[in-house]
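Please keep the sequence and the model in view while reading.

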Amino acid sequence: MSMRTLPLVFINLGGEMLYILDQRLNALNTSEDNSDKGVWSENDRKRVMNDIVGSMFSKDFMDELLKPQQLYSHRTLKTVLTRIAHASIMRLNPVSMDRLYELMVMAFKYQIFLCPRPKDLLLITYNHIDTIREIVKDTPVVVNQVDETHRKIIEVYSSLPEGEFQLLRQTLLIFFQDMHIRVSLFLKIQVQNPNGRFALSTSGPVPHGIEVPGLIRMFDGKGREIRRSEFPSEGSYSSSVKEGCFELHGDRVIRLGMNMYTVNNPEETHTSKDTSVKMDDTPNLLAKEELNLLARLMGSMKAEKVPKTETGFWINMFPTDQEEEEAGTSGVAEESLFEVINIQAMQDEQVTTELARIAGQFAEEEDPPLNLSSSKGDDLLAMMDDL
Amino acid sequence: MYHKEKSIQIKNSASALYNNLGVLRIAPRSLTYFTVVHANVVNMVSASWDGLNYSHRQLQSKEPNVATSTSLIMQAAFCALPSRDLLVVTSQKGIQIYESDGSTMVYWHALDTPETPTDQAVFARGISAVGKSYICVGDSCGAILVFDVPSKGSNITLSDVLKGHKKSITDIASECSGSQECIADLISADDGGNLCVWKSGETFQRFNNIPGFDISCTSVKLWKGTAVAGYGTGQIRLYEAVTGILHAEVNAHARWIYSLDIAPFSGLLLSAAEDSLVRVWHLSIKPESLSVEVAHLHNECVTDTQICGAKFCDGDGYAFAVTGYDLSEIIRYTQS
């Protein structure tokens, strides 16, 4: 449907990714035995953030996204987002990336679902951009990239009519349909129900430009109001608050798109799937158009050359007992993890290889990890020791 | 006034599209057909009136060739003509017309898609039968394609293209009161909130243009010469179709209206919106003053659901059905 979804998709999903990474990297800052080892320094964190933001907001990448095109599949999206994350010295294993993607997607779905007016999708995007700008504020070069992108978005989207925004929103809702992964933070603050669906309130202020329901007005042939009556609206709505600012800087008013995660609560990002619903499991030929898009996007991203003396830092972001077990049993598979993307085995071998080839084309050459223990802490410590 | 009945489960969930529920009542066979769009698939259910038999069918959007990605469906609606009933499915690539039970595709019309994509989306949306043998379908450029349908067979032809809108068509409806005396028998709505009123025939005539306020009119109905339109402001407006005189304005919903329907024999009006509410109203036309009155009758809240389709299941409005985004069921209500 809408041909303008990609820039907003990447900025919003990328923004959520940064919020989560920021929280996790801060959480990793506390080592269990209070020793100085295994600690991510402020500089390390900043560097990871700057590298990722720089990759996401690079001019070439944004220019590619701004070309009119369809929104393709979750596989393509996840591949590109993984590549963005790996623009830094941080490495995520596939299970972590899957979890991260689930979190990002559910957060964005929540924001789109509750977006008061279709046009407010822009305000949600600007909330993400504002927070990203804050994260990289100490690096003027990256702030500049963010500002440039922000200006471009304002230029392209500000004049779109509401109908276009609703079409964009509907395209996104269809894309995120049937995803009901439960996120512990959302459950805790009660924006999500135990069945995975988001709470839709029938109270509170109406969106800007909408009247509080309840009034019927009748007119005569000359346009004069001749009668009014009221009806019970079964909600408790109040009149709208002021409109958010659509400029480069300003009060966005709506809070959707702001960072919901707090620093010291890693359990907020625990997720649980509704196992009856499968996401993206129907193998289908990746359309030629989609492969072309993927190739173009990958090609447009800056390939940060990590010097050979530096080993990438592996992070297992969402450790669970099951994951530890999986990591242990598939010990041999870890070697292939450095091929950047390890796509889960699917029936369409050809597509899998094709995607891996495209993704692999842009991977840095890296040495395999020296220490293949299955414990998260050990991994990191080993890495730090090797420096 | 209404109570909830047992829902009909469908194979996938409904997509967030305007007017996303089609209903066709087949009295001779005591059946009702329902259609609900999910991405590139139309879910069809045939439900027997005794509630004992449900049969399901899925229709896919037609792809011109394998190299292109799947085409999303914008709308599926039944067209009841005097001679036959058909099911029309509109998508990003074109218009498919099926026999009403979905068993055979009788016609395919491909939309013109540009070689290199432009930022203007291409799709067909807005479906209505009108007159003796016409089916009208709107598109994203604002044009309305008029197809002439023979009483049998697949010799459907494109007989006219109506230009009256500059924005994408959102909905089209024909006069549903059954009255032959109406001057105009077709109404179309677009993303700018503009309404065009037409008279069908060998050459369609445009009778009137009711301007909008830059807010989409997402759903429109025509009943006894009154245009009933639902907007993105959550408002319903009633106009006299041929003159454009505003009879009434209702601040009906707190979010975008996604669906309107009228039960022609009783004058009941159904409105449904993203705010999770379905409302039932009564329209009455006062012949003395030639005005239309709107009275509110009933509310139903579908908790935590953005409703995308709502239709009466019969001409009196004795029962109605509702679909919601991400919901894999058709919820039904009947009068108590």
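Helices (H or I, at least four residues) and strands (E, at least two) are DSSP runs, numbered from the N terminus. The model is a predicted one, in which local features need pLDDT of at least 70 and side-chain atom pairs count only at pLDDT 80 or more, while totals for chains, interfaces and linings use all residues. Residues are numbered from 1 along each chain as its sequence is written, chains are lettered from A and ligands numbered from 1 in the order in which they are written, and side-chain values use heavy atoms, with hydrogens and water left out.

**Interface between chains A and B**

- In chain A, 55 residues are in contact with 59 residues of chain B, where contact means heavy atoms within 4.5 Å.
- About 4,800 Å² is buried between chain A and chain B, 53% of it on carbon and sulfur atoms; buried area is the accessible area (1.4 Å probe) that two parts lose on being put together, summed over both.
- Five salt bridges are counted between chain A and chain B, each a side-chain nitrogen of Lys or Arg within 4 Å of a carboxyl oxygen of Asp or Glu.
- A:Lys109 forms a salt bridge with B:Asp326, with the closest N and O atoms 2.7 Å apart.
- On the side of chain A that touches chain B, α5 (94–114), α8 (162–175), β4 (215–219) and α10 (288–300) of chain A each supply at least two residues.
- The largest share of that side of chain A, nine residues, comes from α8(A).

**Strand pairing**

- Strand β4(A) pairs with β22 (residues 246–251) of chain B in the antiparallel sense over three bridges; two strands pair if DSSP finds at least two bridges between them.
- A:Met218 stands opposite B:Ala248 in β22(B).
- Within chain B, β17 (residues 195–199) and β18 (residues 205–210) pair in the antiparallel sense over five bridges.
- β17(B) and β18(B) form a hairpin with five residues between them, and B:Trp198 has B:Arg206 in β18(B) as its bridge partner.

**Salt bridges in the whole structure**

- Over all chains, the search finds 27 salt bridges.
- A:Lys59 and A:Asp63 meet through their side chains in a salt bridge (2.8 Å, N to O).
- A:Lys59 and A:Asp63 are separated by about one helical turn because they are four residues apart in helix α3 (residues 59–66) of chain A.
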